[in-house]
Amino acid sequence: MLWLLLLVSASCTLVELDRATSHCDGIDLREITIQALHDHYLTGRLTVQKVTECYLNRIHALNPTLNAVISTNPNAHLDAIKLDLKMRRGEWGSLYGIPILVKDNIAVDGMQTTAGTLFLRDIFPKKEAIVVQRLRKHGAIILGKTNLSELSGLLQADAKQGFSFAGEQTKNPYNLTSDIFGSSSGSAAAVAANLAMGALGTETVGSIISPASTTALYGFKPSHTPTLNKGLVPLSKLFDTVGVIARTALDTAILAKALTSKARLENNRTDFEGIRIGVLETYFENPHVKPHLNLTNESLINLENIGVKIVKTTYFYMPPAYTYSVLTDIICGFGPNIQKYLKRDTSRLISANPKIKDLKSIVRWYKNHPCSRNYTLDLLIPTLNCSANPNHSLRKLQYEMQHNLTEFFAQNRYYAILVPSHPRPMGYVAALVAGYPVINLPVGFTKDGSSVGAALFGPANSDSLLLNLAMAFDAQTPSRLPPKFLN
């Protein structure tokens, strides 16, 4: 079956392959929701084994063009069989039989964790990431690993974001020549193209929110929780946060609840009277954002329809020097973080390069490898000369931002703030530094078919409110359209 599909793939367009792999036992899996798939499982129309096979076939057909997936899980079929047996025994979870992809800087048992690099292919994490364990506990099927900007974007590539030597250039399903932006680009492209029903990404500075905004998806970065970071190839342990990407707000909330603390996520809320959202107008003056104002204003009307009070205001001021200091310290922290990861958290195959053990050896590898011509290493090389303790400096910056944001929310009585999701994370970088939750709301499409998003962020531990606002917004504004896979 698979060899025939691959043979057909060679002579078909992506549009034709999309159509050919869309149905599973007569049921169209494109755009299907968690609830809808669960209904099919309960009625016996589908099995987890069959759905897993259908999604893997779709990945094998579409991924050679999209480059959204780096590798598929060799244990996926066996895991599916086990879940079907559990179903017969009456066991159930919120993600039972839901096909999920995981960004390839997050550890999955039995799979490589490359972070997009060639030199990490034979260096395996010792333990599966906690977030993946939680997905499994709730019944998810791990289909495979998604592509990303190599080393989470730390390398300055001549290629677009979403490029890695392990996975090549990720393509945007809405426009195959358009950039997705953000290092979790493979996760976003895969979910947008219906290669999975949801995906895990990681957020440091725009890595989930930006790609979600360019692919008409809900991308959610929860409040920073250090325990959720175990099992990641680290960039910045103070800021790295695992988040989720899905096509609907409800599916996003279900995934988020499986990952994070139950205490932080209350039951669905429907009454939003008295909820004030500040719209930071200055960020919408960006020339790249101005053409999208009509779409954003329509979304504000829909938020008002659910009872939210919209308050337009000036931006939350953050000096440029502050942002520069944050980015500098994040980059400086990579050296000690990756050295600890390689020393404590990994085991090596015999074929692994024994010289890859710290930042110096990584820089040396890039300088000597033929792939170095694709990278300038402008961000990586200066980290060799970092002298101060970056974590100490970052904590100070983080506490300062938490204090300033807390005051800003309290003085203006804002429950959340809305800013553009793209093209840069400047509007919500304050929330990322503070460790506060952020969610992308897909607000529609421009005339050329590009997806537009708005980022909503709240104060500490406002995860539940943001997810509930997103679900109410989604019910008012079902703006998502499936991709057409065109240039």
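I count two strands as paired if DSSP finds at least two bridges between them. Helices (H or I, at least four residues) and strands (E, at least two) are DSSP runs, numbered from the N terminus.

**Ground rules.** I am working on a predicted model, where local features need pLDDT of at least 70, side-chain atom pairs count only at pLDDT 80 or more, and totals for chains, interfaces and linings use all residues. Residues are numbered from 1 along each chain as its sequence is written, and side-chain values use heavy atoms, with hydrogens and water left out.

**Entry 1: strand 16.** I looked up the partners of strand 16 (residues 438–445). With strand 17 (residues 451–457) it pairs in the antiparallel sense over seven bridges. Leu 441 has Ala 454 of strand 17 as its bridge partner. Five residues lie between the strands of this hairpin, and Gly 449 takes a positive phi near 90°. Strand 10 (residues 218–221) also pairs with strand 16 in the antiparallel sense, over two bridges. There, Phe 220 is bridged to Ile 439.

Entry 2: I then traced the open sheet: eleven strands, mixed pairing, order 3-6-4-9-11-10-16-17-15-12-13. Strand 3 (69–72) and strand 13 (309–313) are at the edges; each has a single partner strand, so one side of each lacks a neighbour in the sheet. Neighbouring strands are turned by 25° against each other on average, direction ignored. The axes are lines fitted to C-alpha atoms.

**Entry 3: pockets.** I searched a 1 Å grid over the protein atoms alone with a 1.4 Å probe; a pocket is an open set of points with protein on both sides within 12 Å along at least five of seven lines, and lining residues have an atom within 4 Å of a point. A volume is the space filled by probe spheres set on the points.

The largest pocket has a volume of about 980 Å³. Its lining counts 40 residues, with Gly 153, Gln 161, Val 205, Leu 327 and Leu 379 nearest the centre. Which helix gives the largest share of this lining? Helix 11 (residues 320–344) does, with seven residues.

The second largest pocket has a volume of about 490 Å³. I find 24 lining residues; Asn 229, Lys 230, Gly 231, Lys 237 and Asp 345 lie nearest its centre. Helix 11 gives the most to this lining too, with three residues.

Key. Axes are lines fitted to C-alpha atoms, for helices over the stretch in contact, and angles run from 0 to 180 degrees between N-to-C directions.
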